[in-house]
Amino acid sequence: MTPRISKPEIAILLGILVVIVFTVWPAVWAARLRNRVMEARQSIDRLITAGRQFNKEYGIWPTLRMQPSGDFRFGQEIPNLEVIHALQAKDGIGNERHRTNPGKIVFFEADLHRFGRSGLSTEGDYLDPWGSPYQIVLDIDLNGLCDIDNSIYGRGIGQGMVVWSCGPDRKSDTPDDVLSWKK
């Protein structure tokens with residue numbers, strides 16, 4: 001004869017299980033968020049390093065887009081694949097016939113995107129761990145400052161290239177953005 005579990009014992013076991021789940025789940029969620037933020041920071045650092053190497057090699061930032069004044073943002077309305085193609089020495093939008101990167105030097109490599117990891121979309125955009133395109137601003141006017149128009153980040157960030165991830169909420173200009181510079 002096998003012992004039977006009474007209803008009060010089942011209720012106690014379920015209560016213990018609920019307490020365990022509600023205490024462990026937030027810790028697991030927080031650890032996953034920390035890992036994704038760390039992944040975004042590392043990817044941003046790799047992009048900045050690649051951009052600086054490109055600039056050192058060619059004396060310009062990885063784009064042929066020019067405008068009379070101000071700087072240029074990729075990742076929002078203009079796909080960041082234009083910059084990525086130049087950094088990867090791929091013939092395509094932003095690096096047609098290798099005009100941007102004539103030496104065909106590979107400055108940046110990336111795998112395909114999968115949720116939780118940065119990577120390339122099937123179109124060629126570089127996506128953050130949450131699946132949003134990295135935002136890239138290049139100092140097109142070569143004044144040593146990046147001006148980010150129509151953004152809370154504003155003007156005069158003292159670098160030639162800035163990159164950020166929109167973070168878990170997948171919206172730019174919010175407190176959870178992961179930035180390549182200090183606010």
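**Note on the predicted model**

1. Of the protein's 183 residues, 42% count as buried. Buried means under 20% relative accessible area, exposed means over 50%, and partly exposed lies in between (1.4 Å probe, protein chains only). This is a predicted model, where local features need pLDDT of at least 70, side-chain atom pairs count only at pLDDT 80 or more, and totals for chains, interfaces and linings use all residues. Residues are numbered from 1 along each chain as its sequence is written, and side-chain values use heavy atoms, with hydrogens and water left out.

2. Start with the overall form. The C-alpha trace spans about 85 × 30 × 25 Å along its principal axes. The radius of gyration is 22 Å, while a compact globule of 183 residues would have one near 16 Å. That radius is taken over C-alpha atoms, and the globule rule is 2.2 Å times the number of residues to the power 0.38.

3. Next, the secondary structure. The protein has two helices and eight strands. Their order along the sequence is α-β-α-β-β-β-β-β-β-β. Helices (H or I, at least four residues) and strands (E, at least two) are DSSP runs, numbered from the N terminus.

4. What does the largest nonpolar core hold? It has 25 residues, and Leu47, Leu87, Ile136, Leu138 and Val163 touch the most other members. At least two residues each come from α1 (7-58), β1 (72-74), α2 (81-88), β4 (135-138) and β7 (161-165). α1 gives the most, with six residues. A nonpolar core is a set of buried Ala, Val, Leu, Ile, Met, Phe, Trp, Tyr and Cys residues joined through side-chain atoms within 4.5 Å.

5. Look closely at leucine 138. Leaving aside neighbours within four places in sequence, its contacts (heavy atoms within 4.5 Å) include Trp61, Phe72, Phe74, Val83, Cys146 and Met161. A second, separate core has nine residues, among them Cys146, Tyr153, Ile157 and Val162.

6. Is α2 mostly covered or mostly open? It is mostly covered: eight of its eight residues are buried. Glu82, His85 and Gln88 are among them. The buried residues of α2 pack against α1, β1, β2 (119-120), β3 (126-127) and β4. Alanine 89 follows α2, and its phi is positive, near 60°.

7. Last, the charges. There are 22 positive and 22 negative side chains, and the centres of the two sets lie 7 Å apart. Lys and Arg count as positive, Asp and Glu as negative; His and the chain ends are not counted. Each charge is placed at NZ of Lys, CZ of Arg, CG of Asp or CD of Glu.
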